[in-house]
Structure formats: C-alpha cells, structure tokens
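Please brief me on this chain. Start with one residue, then widen the view to the whole fold.

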Amino acid sequence: MKPHPLSRRARVLVPAVAAALLASTIAACDSDTTSEGTSSSVRTLTPDHSEHEESPSEEQSPDAEQSPRTQQSFAASVSAETERVRQEAVKRLDGVEGRGNAVADVSVSGLPVAASEEVRSARVRVTNPTDEPAFYAVKVEFVDAEDKVLDTVVVGVEDAPPGRTVDAQANSRKAAGVKTFPRVAQAERG
C-alpha cells in the first residue's frame with residue numbers, strides 16, 4: 001500500500017525540526033567567563049524504541065506541514081524555555097551552601113568531541129530517588145588536566161520523575177578544543 005503524501009512530508013519534516021532545534025541550542029550555549037552558569041543546557045528527550053508506521057487512516061492534519069518560519073519559532077520557543085529553566089536553576093543554587101543536597105543523585109560524563117567542534121559537552125544524569133517529581137539545579141565544572149576550572153555551566157532539570165533517571169546536557173564554548181573533564185560542583189533538589 002502506498003504511504004500517504006502527508007506522512008512522507010512529516011518524516012522529512014521531523015529531521016528538519018530537530019536540526020533547527022540543535023542549531024538554536026548551540027547558538028544559545030555561548031558562555032561568558034565573567035559570570036558563572038551563563039551557558040545554556042539542553043534537556044535530552046529519548047524517543048521510545050518501537051517502530052510505528054502510519055496507516056492511511058492516521059492522516060495528519062494540513063497543519064502538520066510547517067513553514068520554515070514556524071520551525072524557527074518553535075526552535076526559539078524551545079531555546080527560551082531552556083533558558084528559563086537554566087535561570088531557575090541559577091536562582092536555586094545561589095543560596096546553597098557547600099555542594100548541595102543532591103550530589104549523590106547526579107553524575108556527569110564527557111561526550112566524545114572532535115578537535116574541530118566549537119562546543120564541549122557533558123551528559124548530566126539525574127536520578128530522582130524520591131516519591132515525587134523534583135526540580136534539580138546542577139552546576140557542572142569543566143576542568144583541564146591540571147584541575148583548573150575552564151568553565152562553569154548550570155543545568156536545570158524540571159520535573160524529574162520519581163524513581164527514574166533523566167539526561168540533560170551541559171555545553172561549554174570555553175572548554176572547546178581542550179581535553180576537559182566535567183564534574184559536579186553543586187546539585188540541589190527542591
């Protein structure tokens with residue numbers, strides 16, 4: 001049976017939206033050495049691993065076909081939401097003494113990087129051991145081989161589900177091109 005033309009367009013549109021989202025996120029993660037936590041973070045969404053083919057009866061509405069302007073608006077709104085969550089995390093960490101109450105709930109690992117890349121990224125894993133969704137504020141430091149802090153990035157994870165692990169990403173432009181090691185400087189659940 002021949003697939004419906006709109007379902008083909010939707011399969012082509014999804015990678016385009018993802019590319020626009022990635023481009024806007026990378027542009028938003030430039031940081032400034034004069035203040036902590038100025039880099040943006042990305043909350044990673046993982047698709048379910050089941051395959052789903054649309055049948056002709058599952059036609060998408062004509063609105064599913066988005067113009068480039070709509071894609072840009074979507075990417076901008078995602079970037080704005082990411083920045084809002086990051087700002088909330090910065091506020092929550094502002095009054096935290098020491099390393100915070102959730103360091104044991106958080107781990108970070110460096111993501112593979114090519115020498116030509118302009119961003120150094122770390123995967124932030126948050127496991128919520130409580131019985132309720134929680135907001136996590138995490139400060140990640142990118143350090144070099146001499147343990148010198150090259151950049152500090154704050155990541156916010158909103159509504160981490162109870163008993164589950166959620167991934168986020170910390171991005172640094174200052175640590176790009178240098179072999180760095182990310183580490184959790186502070187983590188607060190609240």
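**Briefing**

N171 counts as buried, because its relative accessibility is 3% (buried means under 20% relative accessible area, exposed over 50%, partly exposed in between, with a 1.4 Å probe and protein chains only). The model is predicted: local features need pLDDT of at least 70, side-chain atom pairs count only at pLDDT 80 or more, and totals for chains, interfaces and linings use all residues. Residues are numbered from 1 along each chain as its sequence is written, and side-chain values use heavy atoms, with hydrogens and water left out.

**Around N171**
- N171 sits in strand β6, residues 165–172 (strands are DSSP runs of E, at least two residues; helices are runs of H or I, at least four; both are numbered from the N terminus).
- Its side chain makes a polar contact of 2.6 Å with that of S121 (a pair of N or O atoms within 3.5 Å; within protein, one must be able to donate a hydrogen and the other to accept it, and residues adjacent in sequence count only if both atoms are side-chain atoms).
- The side chains of N171 and Q169 are joined by a polar contact of 2.9 Å.

**Around Q87**
- Q87 belongs to helix α2, residues 68–94.
- Q87 counts as partly exposed, because its relative accessibility is 37%.

**Whole chain**
- The chain holds two helices and seven strands.
- Their order along the sequence is α-β-α-β-β-β-β-β-β.
- Of its 190 residues, 35% count as buried.
- Among contacts (heavy atoms within 4.5 Å) between residues at least 6 apart in sequence, 73% join residues at least 24 apart.
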